[in-house]
Amino acid sequence: MTAEDLTEFREHVRQFCRAEIPRDWRRAQTGATDAEFVTFQQDWFRRLRDAGFATPHWPAEHGGGMSVARQVVLFQELAAHDAPRVVLSFVAIHHAAATLLGAGTEEQRRRHLPAIRDGEIWAQGFSEPGAGSDLAALRTVARRDGEDYVVAGQKVWVSGAQYADWCLLLARTDPDAAQRQGISYFLLDLRSPGVRIRPLRQATGESHFCELFLDDVRVPARNLIGAANDGWRVAQRTLGAERGLTMLELAERLGNAGFRWLVESAGSSPDPLVGDRLAELEIELTGLRALCRDLVRRHEAGEVGPADASVVKLFYSELLQRMTDFGAELGGVAAHTVIRKPMSGGWESGAWVLDFVGSWEWTIPGGTSEIQRTIIAERGLGLPREPIGRTAG
């Protein structure tokens, strides 16, 4: 692809942004009701889809096929024009799609991929009370009964479940097997009898996360993803999407609009320490964006290492905390008086204290920072599990 092609595409995206981004959407989404949030998100997703921008990372035959270079330009321009985040369909277009494309049957892909592009909303039911970071310790059970599985248990930290149609679900199907070998992966229709959803109010005032209660819910066996008891392996594909490809857009937003707001918060401060800190963060952001672009290129070439996605997830989440923390410091008392932020803004609301509190979400779900460091050490660097110098005795 030539530089001229990219320049033309960039102008195409800019025209889309000028014509389609709803004016003053941040004000309208601050204090919005759930119904207003859903309507806004569905409308914005349709605009992106109709322009070919909703699922650029999907294969061409399923409505994607955009080159990495164009994806970078797309996310740069969406960030520069302060476009809303695709919050409601995030799990659907990234986690569910990656799982279906990598491990789903042809029937499952035909059923769900077009529906996702039409607005089908998904949640992810992995973590449980007492089995969040230690995912293999999950206790939700699924018992085979004829053509169905009967599922009983509880999930927690299920993002957006109150709005979702379907859920990616892990459950234990062989209680006698080793922890990772006895888990299966299901597609759960959240309208099924026996499903109960309870939103959890967070420190930011939002209710992004939910508890999911499953009381003998019947899940058709055709909704099993992969083989029975092979769910742990399939789940790694889902988590790989969460930690890897999804970071490209987030990194571009953090390095574009996020850093711009940080500079604006600093104003014309004469304090050299402020300038030094901004320079340090800009260097880190440049590295993060380059790392994410390289990850996507190597993913397309089939050259991704076993710990590469963990490196990106760890880098992004901890840099996000440092940036929002510094933003809250720069904002002073005024940054502490904001009590609401736009529902469609994700972390990037400009309400620095609320954004900082919310940033801690990123170092916990999908594997804590401690777990990411362990993955990097063991799978990336080949370090032993046992501490060096320890001997059996």
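Q: How many aromatic pairs does a search of the whole structure find?
A: This is a predicted model, where local features need pLDDT of at least 70, side-chain atom pairs count only at pLDDT 80 or more, and totals for chains, interfaces and linings use all residues. Residues are numbered from 1 along each chain as its sequence is written, and side-chain values use heavy atoms, leaving out hydrogens and water. Rings of Phe, Tyr and Trp (its six-membered ring) pair if their centres lie within 6.5 Å; planes under 30 degrees apart are stacked, over 60 edge-to-face, and the rest tilted. Searching the whole structure on that basis, the count of aromatic pairs is eleven.

Q: What is the angle between the planes of W25 and F40?
A: These two form an aromatic pair with 6.1 Å from centre to centre. W25 belongs to helix α2 (residues 25–29) and F40 to helix α3 (residues 34–51), so the pair ties together parts 15 residues apart in sequence; helices here are DSSP runs of H or I, at least four residues, and strands are runs of E, at least two, numbered from the N terminus. The pair counts as stacked, with a plane angle of 25°.

Q: Is F40 buried or exposed?
A: Buried means under 20% relative accessible area, exposed over 50%, and partly exposed in between (1.4 Å probe, protein chains only). F40 has a relative accessible area of 14%, so the word for F40 is buried.

Q: Which ring does the charged end of R277 sit over?
A: A charge sits over a ring if NZ of Lys or CZ of Arg is within 6 Å of the ring centre and within 35 degrees of the ring normal. For R277, the distance to the centre is 5.9 Å, and the ring belongs to F326.
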